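Welcome, and please open your viewer. We will go from stop to stop, selecting a few residues each time and looking at what is there.

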Amino acid sequence: MQMKKAMVVSMIAAAISATAVTPIFAQTAASSQAAQVSQSNFLVNANPVSIRTVVDGGVTLASVRDIVNAVGATLHINSDHTVVVKLGETTLKLKIASKTITVNGVAAPLQHPAKEVAYSTYIEPTAFVQALGGTYEDNTINTIKLLPGAEHAVWVNSSQLIVSNTAGEGREDYLVDAASGKYELLLASEGASELVLSPDGKSAAYSDPNGAVFIIDLSTKQAKQVSTDNSIKNELTWAKDGSALFFLQGDKSSVIAKVAVADGKVSKVLEDKVDYKANLKVSDDGTQFAFYVFKQPKVTADSSKEVDLDDVAIDATGTEPQIYYYNAATANNKPVQLTKDTADKVFLELAADGSKVSYVSVSADEASVGQLVTVDNTGKASTPLFADKDVYELVKGGSKLFLLTADGNSTNAIYEIDSAAGTSKLVQTVSDSASELIVSGNSDIAALIDGQLAVSTQGKWKNITN
């Protein structure tokens, strides 16, 4: 009897319970059917993240909590059911079904109200991410504050670049993440030379205004002085094995010298008493060199006139840069002049084995175009490559050469070339506002476009500085 009674009581309780919750269950089921939760793939600050999404009225909404966790923000819910999100100095407040979101106390409209599904809040991601101060496009979220501007950049590896900007009387160098744009200060200096990346990508070298040489460990950001020699050191260039740094010595860049990293000892490589060398390039074995030599214009003053009238004649004939090659491994060798023409010569590059140089030749005629020219180390010029293209820039990336050329309309083209075979292939197009091409040894490509650094990712350009 007791068991029967217990069963009857249990059945009655179950019936009452079912009667009480059926409307709620029905409502939840209807809600789930109307807005089914899915897992969607996002990129958040360059990291792949799975975020819950629902479609409401044809609009995709994303989980507020999932986005908050992915960007490193905080979330809590007030007693009046207001959702409060904080990221840095930004505080957002929103309520379910409200058509506004409050950003630091200022209400902003929402085109689609937030919605609660299965006890979680969902919101249209564009409005939410922009309210946090980030950007959103095609399931890609970036909330990292980007470095303002970029004047010069160099790849460290496939995931980082060194970006330099003028700062007051000096310069600031930053390590910038190539995927997210996250940055950190590497060096703030006044009068220091440009940072030069080591061949292994683990350190960078520079000289201070007194000629002392320093090497920064890029992982610890700590600088170590390797030489106290106080001679002027222009255009530091690493030896391929990382054992030394070559440079042009003196205020007139007259001498090619090197400083040993191990003990800071400075030794001369070439002292030919020829001034105004520039654009020093070194072969992989450290014995062959290419460089420009600039001659100074002749200045003649009329002796019959007062000196303070500053009435002088300047003759620039023969001052065009000429390219020289020098092999230090050959005894009593002298530099060989490879060019003698009157065209301007820019973007000099030396082949890894020292067998030839490549450069862009531009004549004095304003209507002329830049031409890629290759010359072997005896001075024998090849037929200019890309004669039908206006070449703006030549860049070496590892063992490859890359060109930035005119492409018509509002774009330029980037080509990878094989100078030996005389062949080329189109790599990508870029805005005609591109002012500098940056290529890594692994053929990663970046460009300075309108003062912003952009990285090429899967055929698209992505700004990683503002």
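Begin with the open sheet formed by 4 strands in the order 13-14-15-16, with antiparallel pairing. Strands here are DSSP runs of E with at least two residues, helices are runs of H or I with at least four, and both are numbered from the N terminus; two strands pair if DSSP finds at least two bridges between them. Select 152–157 and 183–189 next: these are strand 13 and strand 16, the edge strands, each pairing on one side only.

A word on the source: this is a predicted model, where local features need pLDDT of at least 70 and side-chain atom pairs count only at pLDDT 80 or more, while totals for chains, interfaces and linings use all residues. Residues are numbered from 1 along each chain as its sequence is written, and side-chain values use heavy atoms, leaving out hydrogens and water.

Which residue of strand 16 is the bridge partner of Val-176? Pick Tyr-183 to see that partner.

Val-85, Ile-101, Ile-123, Phe-128 and Ile-141 touch the most other members. Select helix 2 (64–71), one of the elements giving two or more residues to this core; helix 2 provides the largest share, 4 residues.

Finally, apart from this core lies another, of 15 residues, including Ala-150, Leu-161, Ala-178 and Leu-448.

Key:
A nonpolar core is a set of buried Ala, Val, Leu, Ile, Met, Phe, Trp, Tyr and Cys residues joined through side-chain atoms within 4.5 Å. Buried means under 20% relative accessible area, exposed over 50%, partly exposed in between (1.4 Å probe, protein chains only).
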